[in-house]
Structures are given as C-alpha cells and as structure tokens.
Amino acid sequence: MRILSIDGGGIRGILPAAVLAHCEDRFCSGRPAGEFFDYLAGTSTGGIIALGLSIGLSAKDILAIYVDNGAEIFPPRRQYRSRIMRRLQWTWHFLRNLNQYKYEREALRRNLSVTFGDKLLGEAERRLVIPSFDEYNEVHLFKTPHHQDYQRDWKERMIDVALSTSAAPTFFSTFRNGDRHFADGGVWANNPAMTALVDAMVCYDIDRRDIRILSLGCVESDFAFSEDQMTKGGIWHWKEIISSAMRLQSQNALGQAGLLIGRHHLLRVDGEPMESYPIELDDYGRAVAELPAIAERLVEMHGERLAGFFSEPRPPFNAFHGPRHLATM
C-alpha cells in the first residue's frame, strides 16, 4: 500500500506540487501522479493538492493553479524603497492583523470552484484523509467512503472540504460548512502522514511492513530559542511559536510513522529549513521564483527512491456508498 502525505504551507504548496509534476515527467509515462497511490493525505494547501489528485488532475495542472492565481489569492504588498515607509507599512499591517484576518477568502473560493465544481468527496478515486478542526475544539478528518463506517463525509462538496482544511488562522476567517465552523488542520496535523497510516492500519488487514509513505513538505522554517525567549518570554518574543509547533508536529509524525513501518519505508522530501528570511506562507513572489528550482533539485537528489513510488498505478478503491458506489450497482 502506498500513501502520499502532503504538508500544509500556504503558497509554499508550490513545492510539493512541483515535485510531483517533475515526477510525472520522469516516472509516470503520462499518467497523473495521484494514480500511483492508494491513500492521499493532505492538510491545508496539501489538502487542496490531494483533493485535486484524487479526481485525476495532474500535478502539472495543480501547479499551474498556484502559479497562475497565487498573486490573486495572496495579493502582494506595495514595496517601498524608503526604510521609514517600509517600517510604517510593517507597523500598520502588524497592528491591523492583531484583530483582523489578513485576506478575504473570495479569490481562493473562486479558483477552487473552477477546479472542483460541485464534485463530492464520494467521487474521489483515491482514499482521502483531510484534517481540519471545528468550533467546538474537536479535531475532524474528512474521509472518503473507503470503510463501511465512513458514512458522514461522502456528501461533502470537495470545495467545502478544501476551504475547511485551509482556513488558516490569522490569514482567513473560519469557514462555515453546514452547521459548523472549521479552521485549518495545520494547527494539529500539519504533516498528516500519521492520520493516513493509522487509518490504513485500522481499515485493512495489512502488514505494516507492506506500507510505503512518501511525505512531501513545504520548506519548514528553522527555529531555535532566542536569548529574549529564554530570558524575557512574552507574546512578542514567542510570536513565531506556531511555525515552530508545526515543524515539531511534523518531526513527531515522521518519527512515529518510521517506527511503525520502518524508516526505510518512509521517504521525506522537503527543502532545507531556512534559517534567515524564510519564505512566508503568503509570499507569492518568492515562492514562485524560488520553489520550482528547489523542487527540481529534490527530485534529482531522491530520484532513485522516488521512482519506486511510481513503478505501477494503483487501482481505485471500492467505495461502500456514495456516487461511485451507486454507479457500479
């Protein structure tokens, strides 16, 4: 069984999409990358990519969505030459963002609507596990009907699942889906590898040593305690703690998955952590300029092991209910 896990990371989703696009060119003989996996797990931007792959979109087409529309979703700020004006601009945005979300969701919703239309989660051809959480502080995993007990989510529209998992706090408001509000799954499972692995082991009588996981990151930010954090504390000095928590969660997920299936059955593909001036989650300009080249280098570096994940296509799963199940009756 093969699992593809894709981290959250905002516009930095260009990296895993570009990695998969290069893999399609090199290993897939014209087939979409998603056809080579039994499970697709994705959080936030990774969830959007996973949903696209699940309905047969190529990674190249998904990458084009990010490249062509990223500036509309995350409009770049005006760049001032004057240091004073740049400082005033930073101060204004910082104060504004203290009590308001940063972006309107309409551009994201509009682009996802073009991609997914009215497709339902039950129409996916690959098993999906998409993390989010709701207003009652309950974690939620949107799942396809690949088990007889999974009867809750298959009627969900894909666009609603995508907007639920990608409602990143501070960037977008929570997303109302039915009678609940949802927020970004990256708060608790930015690296969703373990969510899919546990699901596979619970749903199927499979030897854990027969499971392979390809985990794609979105360039983690490096983090080390500063002197002020150790001696002063306070919200100001710990304002980047969310990024740190996301990285630590990812390390924990990879460690647990490696222990369960064997570290040599898990391949992590991600850019080196950026110690200074990391690419922000909404920095479209740097992401589109820098990440495709990093993706190409990563595929060259891991080419031999990546080829093993794309050796032969996997069959679509047998749905227990939903549109795909009804179509076969």
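**Cores, strands and helices in a predicted model**

Modeller: Of the 66 residues in the largest nonpolar core, those touching the most other members are Leu4, Val19, Leu20, Leu214 and Phe310. A nonpolar core here is a set of buried Ala, Val, Leu, Ile, Met, Phe, Trp, Tyr and Cys residues joined through side-chain atoms within 4.5 Å. Buried means under 20% relative accessible area, exposed over 50%, and partly exposed in between, with a 1.4 Å probe and protein chains only. This is a predicted model: local features need pLDDT of at least 70, side-chain atom pairs count only at pLDDT 80 or more, and totals for chains, interfaces and linings use all residues. Residues are numbered from 1 along each chain as its sequence is written, and side-chain values use heavy atoms, with hydrogens and water left out.

Colleague: Which helix gives the largest share of this core?

Modeller: Helix H1, residues 14-27, with nine residues. Helices (H or I, at least four residues) and strands (E, at least two) are DSSP runs, numbered from the N terminus.

Colleague: What is Val19 in contact with, leaving aside its neighbours within four places in sequence?

Modeller: Leu216, Val269, Ala295, Leu298 and Val299. Contact means heavy atoms within 4.5 Å. Another core, of 20 residues, lies apart from the largest one; Ile3, Tyr39, Ala41 and Val129 are among its members.

Colleague: On to strands. Why is S7 described as largely enclosed?

Modeller: Four of the five residues of S7 (residues 212-216) are buried, so the rest of the structure largely encloses this strand.

Colleague: Which strands flank it in the pairing?

Modeller: S7 pairs with strand S1 (residues 2-6) in the parallel sense, over five bridges. Pairing requires at least two DSSP bridges between the strands. Ile3 has Ile213 as its bridge partner in S7. S7 also runs parallel to strand S8 (residues 266-269), joined by four bridges. There, Ser215 stands opposite Arg268.

Colleague: Helices next. Which residues of H5 are buried?

Modeller: In H5 (residues 106-116), Ala107, Leu108, Asn111, Leu112, Thr115 and Phe116. Seen down the axis of H5, they fall within an arc of 145°, so they line one face of the helix. That arc is taken from the directions from the helix axis to the C-beta atoms. The buried residues of H5 pack against helices H2 (45-54), H3 (59-73) and H6 (158-165).

Colleague: What follows just after H5?

Modeller: Gly117, with a positive phi of about 55°.

Colleague: How many residues of H8 are buried?

Modeller: Eight of the eleven in H8 (residues 193-203), so the rest of the structure largely encloses this helix. They are Ala193, Met194, Thr195, Ala196, Leu197, Asp199, Ala200 and Cys203.
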